[in-house]
Amino acid sequence: MTYGIIEPISRLSGQNNNFMITVEHLTKRYGSTLAVNDLNFSVDAGEILGFLGPNGAGKTTTMRMLTGYMPPSEGTAKIAGFDVLEDSLAVRQRIGYLPETPPLYREMTVQGYLHFVASIKGVSAGDRPRRVDWAIERCGLTERRHQLIRKLSKGFRQRVGIAQAIVHDPPVIILDEPTVGLDPKQIIEVRNLIKSLAGDHTIILSTHILPEVSMTCNRVVIIQKGRVVATDTIDQLLNRSDNRTQYELKLSGNLQALQAALAQFPDLAGVQTQSDGDNHLVTVTTNGDTDIGPELTALVVQAGLRLYEMNRRRATLEDVFLQLTTSEDTAEDEVFASETAADS
Amino acid sequence: MRLLWANFVAIYRKELQGYFATSLNYIIAAVYWFMAGVFYIILFNAVQANVAAQDLQGQAGLGAPPVDVPAVILENYLGVLGFLSLFILPLLSMNLFAQERQQGTLELLATSPITTTMVTVGKLAGVLTFFITLLVPVMFYESLTLLQSEPPFSFWLILLGHGALVLLAAAILSLGLFISATTESTLLAAVGTFALILLLWILQAVADRLSGVPAAIFRHLSLLQNYTSLIQGSVSTTNIILFLSYGILGVFLTVQWVDGLRFQRS
């Protein structure tokens, strides 16, 4: 197992020119509170990186430091090789940023607003109409381009927010909670839009919503209380979980024979039964990721039970996330970190 | 340099478009024009009546000196306009930064390749342009009446007098810009600006109760004192420099404050 805190440093020890975004020892203090504590990670060109953490974990603060909006207390962040503090203007030319609340002028039309953004992002007057048209089309705003932003629904406003982040075709796009407050259909549309931007653009997507990460991102940084608790690909993260597999069976009939047989079964972590009269819900947990489905069904048939439903549930990103972020205070975090370091 | 100019133009254009898209500004303009018009008629008639009385006295052999009627009207009217502007200008400057902060667009400006100074100067130029457009119809009816006088009154004097008003407005708007940057509430920005400029306006009254150096300082800083001496036709560089200093001070404070917002937790 490779763990986040170790991994990016080893990747950085080579040439960091290959990375579009590199973050080293990034720290932000507000008075005595540490909002972001010694963050290290890097993002390849064309990659979508998910920046995952519970609310208040320091995601927005990190995004703001990456965009050069907030100066870090310690450490450095580089976008396309430019330091966010020292080459702030160069960095700002190369990023598109969607803050948590889309920065919209309510009294402007969609098109007028995007023209304005293009002009302050340094797009030359000649290129502006082409770039604005491109962003409008890309974000599905063609029919709304002459409407006042004030009159748009939340979903469309979010799209305008994304359009302003891409209108100057920046190599790096930073999106802070882009799907908050949208309905399920809009969420899917926005996610597809984000996915379609990868490749040409390097994207950091901050979110507290897990499916968002598993559906759109190549790699995930999980932070908790301002610290990185894991950096990995989604597959790797899933492998990292304790590998238990659960089977849920909905049965009816007499359970005694089955329970006796399961007691003899090797390598089980536990069997739970919930009964409602003659109907039972049996949950069987295995220790490894051994596939015991065929054996289970055979046992069920032998025991003369009727099987209505059988589900195999493997560890999800939720489990990993909860496992990584539920520790209550930093002391526990440290214990966790040392344990996992020993593990790997 | 070209980039700075492009930044300035981008902000300036956005601000101007914003002024014409906001209904409140139409109401402000309407009220300003109405009040200015009413005061002009009152003043015009009052001066006429006065002059007629003086003429009568002259005919009676009391030897009153001849009066330059257009100059008297213009001077008094610019005084009225200056006072009226005290109420209008905070309403024009209140939105400049407070609204950007409130709707989160300041974060867009701050993460764009554009300097805070250019944003501030662009905004100030935008609002000043709007104020100047407010003055155009006023100057039109002034010219219509005052230029009829015999011997002819110079249009340049009207222009010059309103130049003083624009200088006053630039100083006030610049300070209002700063106040607007310190809060997210447009109402607070308007009230705060009004309080500040009222204070600067009546500084002269404070000076009258003091003596020595403090009195001189207060008198020198007073907006009213400097404005009055400008519209009385005694164009002195100290007055102009004072207004420009207020303007530059406002821009400087705004830039510092807005850049300082980056360090705040919000």
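Leaving aside neighbours within four places in sequence, which residues is A:Ser252 in contact with? Select A:Ser252 in this predicted model and display its surroundings: the contacts are A:Asp278, A:Asn279, A:His280, A:Leu305, A:Arg306 and A:Tyr308. The residue belongs to strand β11 of chain A, which spans residues 245–252, and A:Ser252 counts as buried because its relative accessibility is 3%, under the 20% cut-off.

Next, colour chain A by secondary structure, which comes to 13 helices and 14 strands. Of its 344 residues, 50% are buried, and among its contacts with a separation of 6 or more, 69% join residues 24 or more positions apart.

Within chain A, pick out the open sheet of six strands, whose order is β6-β7-β8-β3-β9-β10 and whose pairing is mixed. At its edges stand β6 (95–98) and β10 (227–233), and since each has a single partner strand, one side of each is left without a neighbour in the sheet. Direction ignored, neighbouring strands here are turned against each other by 15° on average.

Helix α2 (residues 59–66) lies across β3, β6, β7, β8 and β9 of chain A, and runs at about 155° to β8(A). Helix α7 (residues 184–197) of chain A also packs on the sheet, where it touches β3, β7 and β8, its direction making about 150° with that of β8(A).

Stay with helix α7 of chain A and show charged side chains. A:Glu189 forms a salt bridge with A:Arg159, the closest N and O atoms lying 2.5 Å apart; because A:Arg159 sits in helix α6 (residues 154–166) and A:Glu189 in helix α7, this pair ties together parts 30 residues apart in sequence. A:Arg159 is buried, with a relative accessible area of 15%, whereas A:Glu189, at 29%, counts as partly exposed. A:Arg191 forms a salt bridge with A:Glu212 at 3.2 Å between the closest N and O atoms, linking helix α7 to helix α8 (residues 210–216) of chain A, and both of these residues are buried.

Now bring in chain B. The two chains meet through 28 residues of chain A and 21 residues of chain B, and the area buried between them is about 2500 Å², 60% of which comes from carbon and sulfur atoms. On the chain A side, select A:Tyr69, A:Tyr105 and A:Ile120, which lose the most area to chain B and together account for 28% of what that side buries. The count of salt bridges between the chains is one, and the side chains of B:Glu107 and A:Arg64 meet in a salt bridge at 2.9 Å, N to O.

Finally, show the largest nonpolar core, of 120 residues, in which A:Tyr113, A:Ile222, B:Tyr32, B:Leu92, B:Phe131 and B:Tyr227 touch the most other members. Helix α7 of chain B (residues 155–181) gives the most to this core, with 14 residues. Centre on B:Leu92, whose contacts beyond four places in sequence include B:Tyr19, B:Phe131 and B:Leu173.

Key
Residues numbered from 1 in each chain as written. Chains lettered and ligands numbered in written order. Predicted model: local features only at pLDDT ≥ 70, side-chain atom pairs only at ≥ 80, totals over all residues. Heavy atoms only, no water. Core = buried A, V, L, I, M, F, W, Y, C linked by side-chain atoms within 4.5 Å. Buried < 20%, exposed > 50% of the residue type's maximum accessible area, 1.4 Å probe, protein only. Helix = DSSP H or I, 4+ residues; strand = E, 2+ residues; numbered from the N terminus. Contact = heavy atoms within 4.5 Å. Pairing = 2+ DSSP bridges. Axes fitted to C-alpha atoms, helices over the stretch in contact; angles between N-to-C directions. Buried area = accessible area lost by both parts, 1.4 Å probe. Salt bridge = Lys/Arg side-chain N within 4 Å of Asp/Glu carboxyl O.
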